[in-house]
Amino acid sequence: MISQDNTAVHAHRDDIGSRMGMWLFLFTELLLFGGLFFLYSVYRFLHQADFHVAAKELDIIIGTFNTAILLTSSLTMAMSITAMSRDNKKLSISLQVVTILLGISFLINKYFEWMTHINHGIYPGSNDYLSMDSGRRLFFALYYVMTGLHALHVIVGTVLIGIMTRFTVKNVITHDSYVKLEAAGLYWHLVDIIWIFLFPLFYLIT
Amino acid sequence: MNDDAAIAANGHVSFLDYQGKYKGIRAWILSTDHKRIGIMYLFALITFFAIGVTFGFLIRLELLTPGKTIVEPQVYNEFFTLHGVIMIFLFVIPGIPAVFGNFFLPIMIGAKDVAFPRLNLLSWYLYVTGGILIIVSIIMPGGPADTGWTFYIPYSVRTTTNVIATGTAAFLLGFSSILTGLNFITTIHRLRAPGMAWFKMPLFAWSLYATAWIQVLATPIIGITLLLIIVERVFGVGLFDPALGGDPILYQHLFWIYSHPAVYIMIVPAMGVISEIIPVFARRTIFGYKFIAFSSLGIALFGSLVWGHHMFAVGMSDAGQFVFSFLTFMVAIPSAIKVFNWTATLYKGSISLDPPMLYALAFIFLFSIGGFTGLIQGALSVDIHLTDTSFIVGHFHYVMFGGTGMGVFAALHYWLPKMFGRMYNMKRAKVAFWIIFVGFNTLYFPMFVMGWLGMPRRYYDYLPEYTVYHQIATVGSWILIIGMGIMFTNLIRGILKGNVVTEKNIWGGETLEWATDTPPIHENFEEIPLVTGTPYEYKQNDIEELPEEVIH
Amino acid sequence: MDKHHSNIEHAHGYSIYVFVWMALLILTGVTVTVAGINLGALTIAAALLIASIKSYLVLTIFMHLRLEMKAFRVFVSVAILFIIISFFLLFSDYSFLGAR
Ligand code: HEM
Ligand SMILES: [Cu+2]
């Protein structure tokens, strides 16, 4: 009896295996944020009223806009893979570039958002920060840590896609070998999913 | 020489003599061969273990008399922190998977390597970097962390010692552990030899599989927790700091969400080793193969649900305490299943007490004591009395050292001849074993007694009535260290100068590695084996090969 | 098996992506609107439900979970289950907290 899923043994390349590794890595990313979501839920549970009030200080419009940007970037990313699989290299490259640009515009928005809070004196260590109610402070602590870590992931993701674009140009990634691009895509979508949860948890609890 | 040419030229010689792209030391530190990486782990691990033991020795020496014996209290705190951090993150957690898993998992399942060889090398580098960072923190201004390996808040944000360095190191080590886990899961899913169905895998592979899942799912939680301590120290965001409204107990939750499953990362692979060794030296097939395989998964599952038993005295809600106490009792079941199956395997076997078997039996004995004392602590009312006493120290040393430590020693004696093609001195190995066994119990058993009498853990000083126990324990530490000294010298001597072994199967082992050359060739097998029967059929060294047309 | 082994057409067509993208945008709109209405305790439930649906779409379509072999789906369930169970255990402490 020769078991089914062992075709990889002798193959020089195992795309399923690569994707499996990537998914497992994504779980670790998910749980990294999972720890923060635990923190969030406990503190929100303990300080419900404060969280509601504090959330009013975030700008729903920018938040929604940024959500749309990330969702769209996920679309372009997914499409770039299809383009690649259909041997449409040019289209794939332009879609990757669009994804990167969307990622960057997300970060720019994020930067201005953070700056508004910081200009209002809300940042760890400031006098305002140290003297506010603990509930509100915890809200902002979580806000900074979680969106900060997320932004870090967006940065890593854009760099990663940038590398993939280079690979595509150099024909390292081709229409019958594009698992690297897929892996970058998986990463990017995970970053998107995390934002899908961050958005309502921070912006929509007013 | 590129890889293909190298394999054609000398793919049939032992992996130790293999000449690839690189020469000299680079042939090792740049090698992606799972066997070489396993051996690099081995040497790094033994080095760190020796450092850890030194700190253990110093702790014990300080406790020889009440009051000051050799160092000031601050230094004592740094000693036990370094001891704990090194032993936990650099010895017991990576130990068996990184060394023996790396070396033998691919061979046992009939693969040429792990799924991601380069990632494997990266995880070795992360491991070594983390280890060096911990050592460097000793000489950094401010001194090494003095928080205990648990980094409890609020002390860990207040102390002026180098918590950030140690935290970063632990983070890197966690990452290394994750990469190993991820690699093993993919390897087991994708690279089993043709015909090797799930229930034809050796039990060691099963144990690594279960462990790998805990590594992948639980380790990120400690990763983020350590990051938060660093963020807390650098920016003062106040997520844990009670002075800023944070909840230090939430920190403990997060810490133990990882760290209890982590104790199963430590013990499950050792159980896998024991499940391989017992049948070989009892000349019997393992009893209850499937039960043992599933109990590994059961441990991985239940082990993730019991972290609260480390927090019975911190003011958890009654409901929480009840739930966690109940689940703690549940988790004993899969471990007990294993012990029962091992003893059933031994029953009526013709047992030969070679060194690997001695250590395996010691494992069963010491681990059982550790496990039972664990149940004692799992009972709510009793634990209130016992928590943070040296009873706990006794408990976890019986489990981690008596369990995993003995598992490592058993694996060393079982597999080193295969890995290096040289044999250590059997008689000396047995002598060392008995000294270690006596030393171990002399060192740790008194801890149960004095803990029961109320001796707190991590204390620098103690009341005169505890003196006798402390002194027995300290003497025990000397015996133990002498025993380990003999053992390691014997093993290292064996590796370097021992009698050459060319026989494939020195113990009458039954898994695939015993059907490969000693030491194995560069890509383990001349041809990928075809598995037709059970995992335990390779005593006679006959590997079936795939008919050509199936391969291509 | 072999279909998966090579990369041939390991991707969906463009139209289904655009379709999913529109669904995601609409759901974003819904969740913003719902947040404006005061539903009390249900607000958070609604928000999480919608976020879960969105994630499900991303996972299955954008991330090709539907095209992968079954093991991948089992993996994802295990990871999510691990988070959920840990969450409940954590709250077995916090929900019943009297005085801490
Ligand atoms: C000769 C060997 C060893 C000696 C003499 C020794 C001794 C000790 C002592 C006396 C303590 C108690 C410190 C306190 O008062 O809290 C301790 C703590 C500890 N030991 Fe060992 N030990 C040895 C080996 C090991 C091994 C092999 C492991 C891991 C498998 C280990 C893991 C730990 C841990 C995790 C702690 C707790 C550290 C903390 O409280 O932060 N030890 N050891
Ligand atoms: Cu525990």
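Is A:R13 buried, partly exposed or exposed, and what is its relative accessible area? I looked this up in a predicted model. A:R13 is partly exposed, because its relative accessible area is 36%.

**Entry 1: a pair in chain A**

I then looked for the partner of A:R13. A:R13 forms a salt bridge with A:D15. The closest N and O atoms are 2.7 Å apart. A:D15 counts as buried, at 1% relative accessibility.

I noted the general idea beside this. Side chains of opposite charge can pair when their charged atoms come close.

**Entry 2: two pairs in chain B**

Next I checked B:D241. Its side chain meets that of B:R158 in a salt bridge, at 3.1 Å from N to O. B:D241 lies in the loop between helix 9 (203-235) and helix 10 (248-282) of chain B, and B:R158 lies in helix 7 (residues 155-158), so the pair ties together parts 83 residues apart in sequence. B:D241 counts as buried at 9% relative accessibility. B:R158 is partly exposed, at 45%.

I went on to B:D388, which forms a salt bridge with B:R457. Here the closest N and O atoms are 3.9 Å apart. B:D388 sits in the loop between helix 14 (380-386) and helix 15 of chain B, and B:R457 in the loop between helix 16 (426-453) and helix 17 (467-497), so this pair ties together parts 69 residues apart in sequence. B:D388 is partly exposed, with a relative accessible area of 48%. B:R457 is buried, at 18%.

I also found a network. Salt bridges that share partners join A:R19, A:E182 and C:E68. Over all chains, the structure holds 12 salt bridges.

**Entry 3: the iron atom**

Which protein atoms are donors to the iron atom of ligand 1? I found B:H83 (NE2) and B:H397 (NE2), lying 2.0 to 2.1 Å from the iron atom. B:H83 is in helix 4 (residues 73-92) and B:H397 in helix 15 (residues 390-420) of chain B, 314 residues apart. Both B:H83 and B:H397 are buried.

**Entry 4: chain C**

I counted 4 helices and 0 strands in chain C. Of its 100 residues, 46% count as buried.

The domain assignment gives domain 1 (1-68) and domain 2 (69-100) of chain C. I found 5 residues of domain 1 in contact with 5 residues of domain 2. The two domains bury about 460 Å² between them, 71% of it on carbon and sulfur atoms. Across their interface, the rule finds 0 salt bridges.

How values were computed
Residues numbered from 1 in each chain as written. Chains lettered and ligands numbered in written order. Predicted model: local features only at pLDDT ≥ 70, side-chain atom pairs only at ≥ 80, totals over all residues. Heavy atoms only, no water. Donors = N, O, S within 2.8 Å, 3.2 Å for Na, K, Ca; no water. Helix = DSSP H or I, 4+ residues; strand = E, 2+ residues; numbered from the N terminus. Buried < 20%, exposed > 50% of the residue type's maximum accessible area, 1.4 Å probe, protein only. Domains from an automatic or database assignment. Contact = heavy atoms within 4.5 Å. Buried area = accessible area lost by both parts, 1.4 Å probe. Salt bridge = Lys/Arg side-chain N within 4 Å of Asp/Glu carboxyl O.
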